[in-house]
Amino acid sequence: MRTIKIYSWIVALLTGMGFTSCTEDHMELNKGYDVLTVSASADTLDLDVKAPDARAITFEWTSGSNMGTGAAIEYTFRMDVEGNAFQGGIVEYMGKGVYSLSYTNEQLTRLMLEELALPIDEDATIEVSIVAEVLNETVEPQLSDPIKIVVTPYRPVSKTLYLVGDATPNGWDAGAATKMTAISGEAGGFVWTGELRNPGSFKFITSLGEFLPSYNKTMSGTSEALYLRESDEDPDEPFTVPASAFYRITVNIIDLTYSIEETDGMAGPKYDHIYFVGSFTGWSHVAMKQDVINPFLFRFGDVMEWTGGGEFKFGTASGSWDDMYHPTIANAPYTHSEVMQNGEGDHKCC
């Protein structure tokens, strides 16, 4: 690093700009004798789960003083629970020339819960202070007087949601649950369109392979609502539909609301995933790629050695031999383009 700076200085001298460039590279302006202080844009925060990406708070601080040395100042932001005297908590190195720090509702909530272990939906007081270190050994570090903020963290909600149950395309296999689509601009909102079967039931889970937590059906007054199930001891009431048909399901796991509306089958494909299955895959289910423009179109590409004994068909759920698509005739050539679902005989292309 020293060699690079000297070289830059020499080049700058040759262009008639040497002393100014060197000074700007090594020093800041004289900060005078300003007292280091920190302020916040609010002193009480009820963090908003419905606006996770909105700015919750901004902290700003003065420059402090380099005591006339001309040396740079580095800043460190510190935040801790009231009474801890900053013995732990959150430490953010801010570096030089930075005089503010902002957090969104989601960022600050996660810090409060994960780093400071504050209780959910309860008021707690935190303290914030700034440390200024002058890059000159003759100047002692400066510490601002702490300020206090009352914060109420919320329970974070899942960013993913899945359908699971024998009414759904992939059954009760939690590892292959049907993913819903997050609604852009609506915190906690998800939507899915597809076929549901009757008889059958379903519920919503937040993580693949995990049945808890789940969102089940409950009564809220005289209407039905979502219920967050967190343990095996909690009620496990599922949802049902009156008939096998295509449905549009919309839920909001913050408001704990949902709607299930029968819709046109052409609103979306019957299955979210189709799998190529056959002797060429060792009879394992290989996911096909869904077209981004036409969701009804699935593709599979590979280099395969064709043999007289080769055969294949199409699955609708990973590892499942139910609800498969077959050619309409037995021993169909690979150029055959008509298929049926289940039906008579276990036909395959070959």
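This report describes the predicted model of one protein chain, from overall make-up to single residues.

Local features need pLDDT of at least 70, side-chain atom pairs count only at pLDDT 80 or more, and totals for chains, interfaces and linings use all residues. Residues are numbered from 1 along each chain as its sequence is written, and side-chain values use heavy atoms, with hydrogens and water left out.

**Overall make-up**

The protein chain has three helices and 25 strands. Helices (H or I, at least four residues) and strands (E, at least two) are DSSP runs, numbered from the N terminus. Of its 350 residues, 39% count as buried. Buried means under 20% relative accessible area, exposed means over 50%, and partly exposed lies in between (1.4 Å probe, protein chains only). The accessible surface comes to about 19300 Å², and 52% of this belongs to carbon and sulfur atoms. Accessible areas come from the Shrake-Rupley method with a 1.4 Å probe; for residues, only the protein chains shown count as cover. A contact means heavy atoms within 4.5 Å. Among contacts between residues at least 6 apart in sequence, 61% join residues at least 24 apart.

The buried residues of helix 3 are N105, E106, L108, T109, L111, M112 and L113. A117 follows helix 3 and has a positive phi, near 55°. The loop between helix 3 (105–115) and strand 7 (124–134) holds E122. E122 counts as partly exposed because its relative accessibility is 45%. Together with D46, D48, D121 and D123, E122 forms a negative surface patch. Patches are made of residues with over 30% relative accessible area and no salt bridge; like charges are joined within 9 Å, nonpolar side chains (Val, Leu, Ile, Met, Phe, Trp, Tyr) within 5 Å. A salt bridge is a side-chain nitrogen of Lys or Arg within 4 Å of a carboxyl oxygen of Asp or Glu.

**Buried and partly exposed loop residues**

T316 sits in the loop between strand 23 (312–315) and strand 24 (325–327). Its relative accessibility is 1%, so T316 counts as buried. Leaving aside residues up to four places away in sequence, T316 touches N170, Y271, H273, I274, Y275, D322, D323, Y325 and Q341.

S201 lies between strand 13 (189–196) and strand 14 (203–207), in a loop. S201 is buried because its relative accessibility is 14%. Beyond residues up to four places away in sequence, its contacts include W172, P238 and F239.

S158 is in the loop between strand 9 (147–152) and strand 10 (162–164). At 23% relative accessibility, S158 is partly exposed. Not counting residues up to four places away in sequence, S158 touches F190, T206 and I253.

**Backbone geometry**

| Cis bond | Omega |
|---|---|
| N198 and P199 | about 5° |
| L212 and P213 | about -5° |

P199 belongs to the loop between strand 13 and strand 14. P213 is in strand 15 (residues 210–220).

M67 is not a glycine, yet its phi is positive, about 55°. M67 is in the loop between strand 3 (55–61) and strand 4 (73–81). E140 and M67 are 73 residues apart along the chain, and their C-alpha atoms are separated by 9.7 Å. E140 counts as exposed, at 62% relative accessibility.

N331, also not a glycine, has a positive phi near 50°. N331 is placed in the loop between strand 24 and strand 25 (339–341). At 61% relative accessibility, N331 counts as exposed.

Key
Lys, Arg positive; Asp, Glu negative; His and termini not counted. Charge placed at Lys NZ, Arg CZ, Asp CG, Glu CD.
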